[in-house]
Amino acid sequence: MATETPPRASGTPPRAYPIGTHPSDDDPNVLLVDDYEFYEPIPPYPPRTEREAEFYTLADGEMFLNLGPQHPSTHGVLRVVVKLDGERVVDIDPVLGYLHRGVEKLVENADYHQTISQVDPLEYISSLFCEWAPVTAYEKLLDVEVPRRAEYIRVLSGELNRIASHSLFLGWFALDLGGLTPILWSFIERDEIVEMLAALTGQRMLFNYFRIGGVNGDLNHDFMSRLGDWMSRAALQIESGIGLLNENEIFVRRASGLGIVDSEMAMRLCMTGANLRATGVPFDVRRAHPYSIYPELEFDIPTRTEGDSLARYLLRMEEIKQSLRIIDQCLDRMPDGPIMAKLPRLIRPRPGRAWSAVEGPRGLYGAYAISDGSDQPFRLKIHDPSFIHLQAVGALMPGNLLADTMAIMASLDPVMGGVDK
Amino acid sequence: MTAINRTWDQLTVPGKALAIVIPLLAVLTLGLVLTIVLFGQQILDILIFNLPIVRFVFAVTILMLLFVPIAFLIIYMEMKIIALMNLRIGPDRVGPWGTLLSTVHGLKVLMKEDFTPTRADAVVFTWAPVVVFSTAVLSALVLPFAPGLIGQDFNIGLLYFFAIGGMTVVGLLMGGWSSFNKYSLLGGLRAAAQIISYEIPLTLSVVGLVILAGTMSLNSIVEQQGISGWATDWYAVRQPLGFLIFAIAATAEANRTPFDLTEADSEIVAGFATEYSGMRFGFFFFAEYINVFIISAITVVLFLGGWNAPFPVPHIEWMVNPGELGIGLLLLVMLAPVIGTLLLAAPVYLFRSQTRWWVALIIGFVLFNVVVGGLLSLWAYINFDWVAGLFWFVGKTFTLVFVFVWMRGTLPRVRIDQLMGFAWKWLLPASLLNLFVTAAAVLVIDAMKRGGS
């Protein structure tokens with residue numbers, strides 16, 4: 001019925017169904033109060049592709065449900081048109097772009113230093129990693145050696161940010177499964193870490209801390225005292241938060257066997273990070289393509305083989321413990337020295353291209369920078385793991401119940417800022 | 001006329017309101033008094049002749065009035081307890097410790113726009129909250145709160161309770177269907193599926209109890225649980241499996257976590273209540289919390305002894321007849337408050353040097369009131385059965401309400417297929433097993449008794 005929508009006439013507002021043409025108009029069981037149009041998630045234009053035509057045609061007993069962009073559990077402003085058969089999801093059509101800022105274009109018109117603050121809000125949960133990838137790409141273009149103290153500070157603050165992101169994931173995942181308490185327990189960790197990073201960087205959320213050739217500010221007393229205070233009880237506190245869920249029968253029953261990704265499918269979808277490692281592939285950029293000071297540090301790459309939502313959740317909790325190990329080592333070995341390389345104020349890298357990737361809490365976070373010799377990047381391509389992982393939703397959701405689609409999406413942990421860029 | 005007009009114009013808005021209301025009240029009062037004087041006997045005769053109807057109307061009115069503060073209390077409990085479990089502070093702005101917040105919520109809901117969406121079935125949409133609320137109130141009619149405090153003592157009280165309680169689903173389905181919203185529709189259908197499925201184990205789990213009790217009157221069931229005075233008489237002890245099944249199924253009936261799929265906010269926004277606003281939403285909200293109270297109350301009545309104390313309370317004869325005191329009564333009323341206040345204020349004044357005398361007097365007066373209130377309650381508890389019964393009944397019921405709130409703070413939500421599978425694959429066979437074991441045991445014991453005698 002949807003394929004018969006009339007083409008959009010120029011000058012008139014689009015209507016899904018012109019007055020008097022809706023299928024329910026002749027239905028005596030539907031009470032028509034007046035003939036205002038109402039919202040159907042069907043686009044107001046004729047289908048542009050075969051896939052669109054197929055999706056927007058309803059079979060018997062199916063209906064569309066418009067999830068988002070203002071739905072309580074779409075993790076930002078994602079809109080998913082879900083084709084439902086009862087409670088079971090038949091097919092989905094994600095509609096992206098509600099958070100599109102045009103970052104890659106903004107970056108082309110900004111100074112190299114200014115680009116750092118432009119890429120910051122991409123993944124607002126873990127913005128240090130958004131800075132890290134472009135900054136290292138620029139450093140490769142410039143052939144600049146970053147001081148060791150700066151590298152240590154980068155790793156230290158990055159791992160803190162990773163813990164903050166993962167603990168927030170714990171809360172959101174539980175909330176999407178209906179648990180009210182874990183979100184507020186996990187916000188304690190996040191809040192303490194964010195406060196401590198605010199003492200270091202001056203911002204709670206969009207840190208704008210990394211600089212080309214180093215970091216913005218040295219470790220200060222406020223940060224160190226907060227960090228020491230937190231580290232003394234971090235392991236215990238995180239353990240108590242995880243304990244709320246790990247032994248909960250309802251939670252385990254719902255999360256296990258849900259949204260299973262095998263390693264082949266994960267590789268085909270280009271998944272990285274915890275979502276890939278949960279399928280048994282021990283790929284971690286920190287070990288696979290070592291950068292910064294990670295080769296000197298001791299930590300494990302936890303993997304799991306189940307590939308379901310529970311495995312992804314447990315893996316992230318395991319990574320928190322590894323991050324605590326890394327922070328301990330960083331504090332132990334923190335060298336003295338400068339925190340910035342000697343660089344001119346105005347940067348003009350030689351013409352060329354550079355790719356760099358870092359391991360963010362969501363996976364491989366990459367930046368591909370092209371320089372044309374001017375003081376602005378010619379192009380900066382940002383590879384965002386959230387976008388890659390959101391693609392898996394299309395393969396995982398159909399066949400599941402409506403309630404599970406939320407859990408699957410939460411377990412993949414996408415951030416819409418990074419998806420829409 | 002101009003003088004009246006001028007006077008009228010000089011009045012403020014409250015003044016005008018009073019100028020209208022006071023004469024109106026005076027006329028009405030006069031009319032009422034005249035009616036009573038002239039036709040008092042006839043009216044009384046009619047009322048006495050129709051005593052069951054009068055009793056019914058009176059009970060429903062009292063219950064409806066009573067349920068507003070009960071719902072407020074439970075809403076406040078839920079906000080505060082879940083806040084403490086979430087390591088939050090919770091409501092703390094309106095009233096002492098935020099206790100008036102739910103009242104303010106109620107007023108806010110009254111003032112909001114009462115919105116009907118386009119293409120909604122307006123009639124059904126309007127009546128759905130009424131159905132949900134009135135079924136909640138009506139099903140409370142057979143609850144025995146205390147000895148003698150019962151709306152209507154049916155001999156089929158239990159059947160009536162389940163029949164009326166099951167009608168809630170009609171209201172939820174009406175709201176979900178008529179809203180013209182797919183989330184509402186999903187919520188309404190989930191409610192229908194869930195409540196109808198859980199109705200079966202809920203009802204079957206108490207059949208064993210009915211076999212043991214031999215009656216369906218809730219009043220008699222409670223009386224049977226208080227024969228020896230100990231908690232071992234309660235049906236929770238004699239029917240543990242039935243109690244367990246009933247508790248689980250009752251949680252699902254009240255749409256509470258972990259079975260709150262009908263209003264799962266992370267899945268279907270607010271379920272059947274998505275399109276509701278204003279007082280219509282308020283009725284749904286009230287009904288939900290009243291249902292929590294009623295479900296707790298029926299669990300207490302059926303399995304936890306109702307108004308009976310868990311242990312025999314020693315009976316003390318402590319009836320003061322005021323008439324015997326004579327002039328002593330006058331002295332008591334005049335002197336006791338003064339002396340008590342002074343006595344209780346003295347230590348505060350003497351041992352805390354910063355306290356001023358009038359502050360100490362206020363503290364003493366408040367303490368005296370507390371002491372007298374406590375003594376009066378004790379006196380009432382000892383002398384009146386219904387006060388003692390109400391004490392235990394309300395205490396047990398609110399303990400169960402706390403358990404409901406606790407579960408909401410702790411547990412995630414189950415999935416719809418897990419929910420239905422649990423009802424049909426586990427609860428239903430378990431309740432049938434409970435029924436057969438109970439029936440067989442009753443038969444065997446009867447036969448043994450007959451054989452023995």
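The structure is a predicted model, in which local features need pLDDT of at least 70 and side-chain atom pairs count only at pLDDT 80 or more, whereas totals for chains, interfaces and linings use all residues. Residues are numbered from 1 along each chain as its sequence is written, while chains are lettered from A and ligands numbered from 1 in the order in which they are written.

The axes of helix H5 (residues 122–139) and helix H7 (residues 168–178) of chain B come within 8 Å and cross at roughly 160 degrees. Helices (H or I, at least four residues) and strands (E, at least two) are DSSP runs numbered from the N terminus; axes are lines fitted to C-alpha atoms, for helices over the stretch in contact, with angles from 0 to 180 degrees between N-to-C directions. H5(B) and H7(B) are therefore roughly antiparallel, a term for angles over 145 degrees. Their contact (C-beta atoms, placed from the backbone, within 7 Å) includes Trp127(B) of H5(B) and Trp177(B) of H7(B). Its residues divide into eleven nonpolar, five polar and no charged; Ala, Val, Leu, Ile, Met, Phe, Trp, Tyr, Cys and Pro count as nonpolar, Asp, Glu, Lys and Arg as charged, and the others, Gly among them, as polar.

In chain A, the axes of helix H3 (residues 112–119) and helix H4 (residues 127–142) come within 8 Å and cross at roughly 155 degrees. H3(A) and H4(A) are therefore also roughly antiparallel, but H3(A) passes H4(A) in a right-handed crossing. Tyr112(A), Thr115(A), Ile116(A) and Val119(A) of H3(A) meet residues of H4(A) that include Glu131(A) and Tyr138(A).

Chain A is assigned domain 1 (2–95) and domain 2 (103–420), with bounds from an automatic or database domain assignment. The domain centres, taken over C-alpha atoms, are separated by 37 Å. Domain 1 of chain A contributes 13 residues to the contact and domain 2 of chain A contributes 19. On the side of domain 1, strand S3 (residues 88–95) gives the most, with six residues.

Gly68(A) is placed in the loop between strand S1 (63–67) and strand S2 (79–85) of chain A. Gly68(A) is buried, with 21 other C-beta atoms within 10 Å; the cut-off for buried is 20 or more, with C-beta atoms placed from the backbone. Among the residues that Gly68(A) touches are Thr74(A) and Val80(A).

Conventions
Contact = placed C-beta atoms within 7 Å. Parallel < 35°, antiparallel > 145°, perpendicular 65-115°, else oblique. Buried ≥ 20, exposed ≤ 12 C-beta atoms within 10 Å, placed from the backbone. Left-handed = near helix turned anticlockwise from the far one by under 90°. Lists of a residue's contacts leave out its neighbours within four places in sequence.
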